[in-house]
Amino acid sequence: MSANKPFTTQMVIAMDNFERTETEAMELDERKVKILDAVIRNYLATGEPVGSRTISKYTDLNLSSATIRNEMADLEELGYIVQPHTSAGRIPSDKGYRFYVDHLIQEKDKEVSDMKEFVIEKTQRMEQVLQQMAKMLATNTNYATMITSPSYHTNKVKFIQLSNVDDTQLLAVIVMNNNLVKNRMIPIKEPIDNETLLKLNLLLNSGLNGLSIQEINLGVISKLKEQAGAHGDIVSEVFDELAEVIGQEDDMEIYTSGATNILKYPELTDANNAATLLTAFEEKEQLRELVADSLNEESESGIQVYIGNESPIQTMKDCSVVTATYELGEGVKGTIGIIGPKRMDYENVMNNLKNLKNQLDGIFDHKNKKE
């Protein structure tokens, strides 16, 4: 990494996670970590509050129930577990789940299966691949799943062509560096002759070729408008259309599976909650918000975990959402997501996501090398 490279969102997130892990390590000694791990794993498996007697059988610490009760009381005071009812056992808090998840993320990835070869050799269309993988994830995890089609996330201007349509309109053909082509109609106040149109085309292409939306700042716009003189309003219209083209997720598809798996978990079967979650999967608009947030907050591991109120989607505040970003080639990215109860089997979910991410990452490059 270059010493002059600016901080990125991923770097900030990584530093935040590191600092949080260091702080938690000071709070929790090895014994507390093992007891917390035992509480979480038992609760994930049963959905029932976990008592000290269960922990004494589960761990290899050889501690008395009284000692375990004291440690659990400390964990409760630190906010990692809560006691839902008097005289009941404990269940993990969001903070406890977060500690568990952050430590899982640090573990080594499982070995990648031969699914990548299957994907490349046996399936021709990416849509079919993604639909199959969404179903596979839903089956393997028993939760609701989603996978987006790959989209280009480093759009840059490749070429702009203005052409006369009639005395009141120009046709703007905008070509991006991923060969995405968009046509836009631009209104004009008076006819434009071919010589002026040629000059505008030269001006726009010399000034914008190779620039991303982040690089097209007010200075660039002002300079081009000034150079366009009396036709600065046309340049403004082109910028408006260009911003829309670059900023949009072009025809992004979201493939879902296992939405009804949500109904298997009592804490999510409240009539309003269930209906709202199922609607989110059916209409998919909220899933698009989740995808946007996941890409913006992408961690260095490629895995993003939202627990409870951490979710950017209000209707999923009673759930945990785990997402992974896959990259088929430079800038061509998509999102995989799993939605379930907060007591989801995080280890299984993250293993499945890591495997699937590894299977998809660089698949185009892999295919090109074979050819």
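Modeller: Start with a pair of helices: helix 8 crosses helix 9 in a right-handed way. A crossing is right-handed if the near helix is turned clockwise from the far one by less than a right angle, and left-handed if anticlockwise. Helices are DSSP runs of H or I with at least four residues, strands are E runs of at least two, and both are numbered from the N terminus. This is a predicted model, in which local features need pLDDT of at least 70 and side-chain atom pairs pLDDT 80 or more, while totals for chains, interfaces and linings use all residues. Residues are numbered from 1 along each chain as its sequence is written, and side-chain values use heavy atoms, without hydrogens or water.

Biologist: At what angle do helix 8 and helix 9 pack?

Modeller: An axis is a line fitted to C-alpha atoms over the stretch in contact, and the angle, from 0 to 180 degrees, is taken between N-to-C directions. Helix 8 (residues 194-208) and helix 9 (residues 218-228) pack at about 160 degrees, with axes 11 Å apart. They are therefore roughly antiparallel, where under 35 degrees is roughly parallel, over 145 roughly antiparallel, 65 to 115 roughly perpendicular and the rest oblique.

Biologist: Which residues of helix 8 and helix 9 meet?

Modeller: A contact means heavy atoms within 4.5 Å. L200, L203, G207 and L208 of helix 8 meet V220, L224, Q227 and A228 of helix 9. By class, the contact of helix 8 with helix 9 holds six nonpolar residues, two polar and no charged; Ala, Val, Leu, Ile, Met, Phe, Trp, Tyr, Cys and Pro are nonpolar, Asp, Glu, Lys and Arg charged, and the others, Gly among them, polar.

Biologist: Is L200 buried or exposed?

Modeller: L200 is buried, at 4% relative accessibility; buried is under 20% relative accessible area, exposed over 50% and partly exposed in between, with a 1.4 Å probe and protein chains only. Leaving aside residues up to four places away in sequence, L200 touches L162, A228, H231, I234 and V235. L200 and H231 are 31 residues apart in sequence, with C-alpha atoms 8.4 Å apart.

Biologist: How is helix 2 placed against helix 4?

Modeller: Helix 2 and helix 4 (residues 65-77) pack at about 85 degrees, with axes 10 Å apart. That makes the two roughly perpendicular. R31, K32, I35, L36 and V39 of helix 2 make the contact with T67, E71, M72, D74 and L75 of helix 4. Five of these residues are nonpolar, one polar and four charged.

Biologist: Which residues of helix 2 are buried?

Modeller: Residues three or four places apart in an α-helix point the same way, because there are 3.6 residues a turn. In helix 2 the buried residues are K32, I35, L36, A38, V39, I40, N42, Y43 and L44. L28 is buried, at 5% relative accessible area, and its partners beyond four places in sequence are V33, L36, L75, L78, Y80 and F99.
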